[in-house]
Amino acid sequence: MGSGSRAASCLCCPFKCLACGLFSCLCSILVSLLVTAGVLALILYFVFRPQMIAATVDSASLAQFALGTPASPALLQYNLTLAMTVRNPNKRVGLYYDGVEALALFDGQRFGFAPLDPFFQGHQASTEVKPAFGGQQVLEGDVTQANLRTQLAGGAVEVEVKLNAKLRVKVWAFKVPGPRARISCPLSLPVPAAANAPAFKPTECKVWF
């Protein structure tokens with residue numbers, strides 16, 4: 001009785017039956033594609049074992065870091081150079097770094113910016129980058145200015161250096177767009193000519209995408 005009813009319905013509405021069949025077929029194809037893509041992604045993961053890049057600030061120097069002039073008490077004058085090592089730990093994946101930029105911040109306020117050349121890293125390769133910041137910038141806020149004066153008197157200042165880059169991934173001969181890498185390095189820097197300044201220590205950076 002049920003089969004006869006469906007047959008009669010299809011005879012009355014052939015287009016409806018055709019649409020239902022096409023929809024069912026498309027759903028089956030879509031599910032198959034999703035399962036295949038998931039299995040392929042799992043296989044590629046176990047083959048390439050992607051790992052997070054790593055970064056270390058090996059050395060850093062403040063030639064100048066002074067707050068205030070007679071004309072502008074909130075003006076920060078700075079000269080900061082550093083050497084950073086960026087490592088690609090992956091055995092089968094190469095990385096292109098595009099749009100590379102470095103930023104220097106104090107108390108969350110950016111005071112320095114340095115564009116850097118793009119570069120490529122092969123398998124398990126390391127690259128040294130040397131951002132340099134120099135110039136002057138007004139520090140906003142009485143609390144931030146007081147915090148800097150306190151740190152200067154203590155012989156060391158806390159500065160954050162960030163490195164941002166857009167990644168491209170190279171697998172065999174194929175190059176595909178990758179995520180945007182963000183590297184953050186909290187640094188404790190000796191104040192120039194301070195008698196009580198502690199020596200700079202190499203610092204591991206945080207990396208996320």
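Mentor: Strand 1 (residues 54–67) and strand 2 run antiparallel and are joined by 12 bridges. Keep in mind that this is a predicted model, where local features need pLDDT of at least 70 and side-chain atom pairs count only at pLDDT 80 or more, while totals for chains, interfaces and linings use all residues. Residues are numbered from 1 along each chain as its sequence is written, and side-chain values use heavy atoms, with hydrogens and water left out.

Trainee: What makes strand 1 and strand 2 a pair?

Mentor: Two strands pair if DSSP finds at least two bridges between them. Strand 1 and strand 2 have 12 bridges, so they pass that cut-off of at least two. One place to look is L67, which stands opposite L76 in strand 2.

Trainee: Which other strands pair with strand 2?

Mentor: Strand 7 (residues 132–138) pairs with strand 2 in the antiparallel sense over 7 bridges, with T81 opposite A132. Strand 6 is also antiparallel to strand 2, joined by 4 bridges, and there M84 has V129 as its bridge partner.

Trainee: How do you know what counts as a strand in the first place?

Mentor: Strands are DSSP runs of E with at least two residues, helices are runs of H or I with at least four, and both are numbered from the N terminus. By that count the protein has 3 helices and 11 strands.

Trainee: Why is V129 called buried?

Mentor: Buried means under 20% relative accessible area, exposed means over 50%, and partly exposed is in between (1.4 Å probe, protein chains only). V129 comes to 7% relative accessibility, so it counts as buried. V129 sits in strand 6 (residues 126–129). Across the protein, buried residues make up 34% of the 209 residues.

Trainee: What does V129 touch?

Mentor: Contact means heavy atoms within 4.5 Å. Leaving aside residues up to four places away in sequence, V129 touches L82, A83, M84, V86, L116, F119 and L163. Then there is T85, whose C-alpha is 6.4 Å from that of V129, although the two are 44 residues apart in sequence.

Trainee: On to charges. Why is E204 with R87 called a salt bridge?

Mentor: The term needs a side-chain nitrogen of Lys or Arg within 4 Å of a carboxyl oxygen of Asp or Glu. E204 and R87 have N to O at 3.8 Å, so the pair falls within 4 Å and qualifies. Because E204 lies in strand 10 (residues 203–204) and R87 in strand 2 (residues 75–87), the pair ties together parts that are 117 residues apart in sequence.

Trainee: Are E204 and R87 exposed or partly exposed?

Mentor: E204 has 53% relative accessibility, so it counts as exposed. R87 is at 27%, so it is partly exposed.

Trainee: How many salt bridges are there, and what is the N to O distance for D98 with R168?

Mentor: There are 4 in the structure. In D98 with R168, the closest N and O atoms are 2.7 Å apart. D98 lies in strand 3 (residues 94–106) and R168 in strand 8 (residues 156–171), so this pair ties together parts that are 70 residues apart in sequence. Another of them joins K130 and E128 at 3.7 Å, N to O.

Trainee: What makes C185 and C205 a disulfide?

Mentor: The test is a pair of cysteine sulfur atoms within 2.5 Å. C185 and C205 are at 2.1 Å, S to S, so they meet it. C185 lies in strand 9 (residues 174–190) and C205 in the loop between strand 10 and strand 11 (206–208), so the pair ties together parts that are 20 residues apart in sequence. Both C185 and C205 are buried, and with 105 degrees about the S-S bond, their link is right-handed.

Trainee: One more: why is L33 called exposed?

Mentor: L33 has 54% relative accessibility, so it counts as exposed. You'll find L33 in helix 2 (residues 14–48).
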